[in-house]
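The sequence and model come first.

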Amino acid sequence: MEENNDLNFNNRVDLEKLKDAVIQIKAELGKIIVGQEHFMDLLIVALLADGHVLIEGVPGVAKTITAKLLSKTIDTGFSRIQFTPDLMPSDVLGTSILNMKTSEFEFRNGPIFSNLVLIDEINRAPAKTQAALFEVMEERQISIDGHTFKMKPPFMVLATQNPIEQEGTYALPEAQLDRFLFKIDVGYPNLEEEILILKTHHDRKGVLPQTLISPLLSEADLLEYKNKIFDILVDEKLMTYIAQIITKTRNHPHLYLGGSPRASIAVLNSSKAYAAINGRDFVIPEDIKKVISPVLRHRIILTPEREMEGMTADKVIEMIVQSVEVPR
């Protein structure tokens, strides 16, 4: 009986419109991107949950192009920053320049002043440039020369990094990693997908992928859909379920560092968005299971012994989720 009420309520808040928009975005991206269904779902969830995304994968698995194409489906500002070892904080944030006419300093915006910001190879810049992102990622503002500049919503950082290249890279500080809602690992396609990639590339006949993507959402649409996420129902039992999983990461023998309360909130927000893109106004345990690994994999640190044995963060997360009873 309670579930029927939820479904009626779902029709009242019109999640169908949001669900249709998500289907359209995925269909538009599907013109170029083969497979990667979960990757696209997580990017859209992060967009709705107002979170930043770290995308990791070997070169050539469409990390950057997917992020760029997603930005093309939304009629909003986009900028791309290529991180390099000689990049300075002012190259990202902006700098004050002396206006010779007025003899006063004027602040010139850096490329971070946009809506969707793609940072390519984020682990190539040194620590001081990484630190420049701390405030803007968490508080959506920049403090420079005694002035505070607010970022215009929507604001989302999509960052890519290559896991196998070590030379000329700098590990991201834990505090910065914690500011990413998700870390998405992009793997190789399977044989069928690889064949389809070759066919679609051949059929495009040299046409650039970006030119095939049309804007589907306005900034107003996106804001409206984001506001709907607040109305998604979460049973108290499911909040307890999330808290139990995160708490277990803090005293697990395989882990040196567990998830913080920010991780719990990230699971809550992203599971609400995951429910919404599936047309539901209530969260189910499956929604939590879908987002738990991307939320936690960059927030936990394995003990050196387990790392040497070849254990991975995803395996430990799976063990923890299986050890916690799913609420009925």
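## Nonpolar cores

A nonpolar core is a set of buried Ala, Val, Leu, Ile, Met, Phe, Trp, Tyr and Cys residues joined through side-chain atoms within 4.5 Å. Buried means under 20% relative accessible area, exposed over 50%, and partly exposed in between (1.4 Å probe, protein chains only). The model is predicted: local features need pLDDT of at least 70, side-chain atom pairs count only at pLDDT 80 or more, and totals for chains, interfaces and linings use all residues. Residues are numbered from 1 along each chain as its sequence is written, and side-chain values use heavy atoms, with hydrogens and water left out.

The largest nonpolar core has 69 residues. Leu48, Val53 and Phe182 have the most contacts inside it. Helix α3 (residues 37-48) gives the largest share of this core, nine residues. Helices (H or I, at least four residues) and strands (E, at least two) are DSSP runs, numbered from the N terminus. A second, separate core holds 24 residues, including Ala132, Ile144, Phe155 and Leu172.

Which residues does leucine 48 contact, leaving aside its neighbours within four places in sequence? They are Leu18, Leu222, Tyr225, Lys226, Ile229, Ala273 and Ile277. Contact means heavy atoms within 4.5 Å.

## The largest pocket

A pocket is an open set of points on a 1 Å grid over the protein atoms alone, where a 1.4 Å probe fits, with protein on both sides within 12 Å along at least five of seven lines; lining residues have an atom within 4 Å of a point. The largest pocket has a volume of about 770 Å³, the space filled by probe spheres set on the points.

Its lining has 27 residues. Glu56, Gln161, Leu177, Lys183 and Glu307 lie nearest the centre. Elements supplying at least two lining residues each include β1 (52-56), β10 (180-185) and α14 (313-323). By class, the lining has eleven nonpolar, eight polar and eight charged residues.

## Aromatic pairs

The structure holds three aromatic pairs. Rings of Phe, Tyr and Trp (its six-membered ring) pair if their centres lie within 6.5 Å; planes under 30 degrees apart count as stacked, over 60 as edge-to-face and the rest as tilted. Phenylalanine 107 and phenylalanine 113 have ring centres 5.9 Å apart and planes at 65 degrees, so this pair is edge-to-face.

Phenylalanine 113 also pairs edge-to-face with phenylalanine 149, at 6.3 Å centre to centre and 85 degrees between the planes. This pair links distant parts of the chain, 36 residues apart. Phenylalanine 113 is in the loop between β5 (104-109) and β6 (116-120), and phenylalanine 149 is in strand β8 (residues 147-150). Ring pairs link Phe107, Phe113 and Phe149 into a cluster.

Methods. Nonpolar A, V, L, I, M, F, W, Y, C, P; charged D, E, K, R; others polar.
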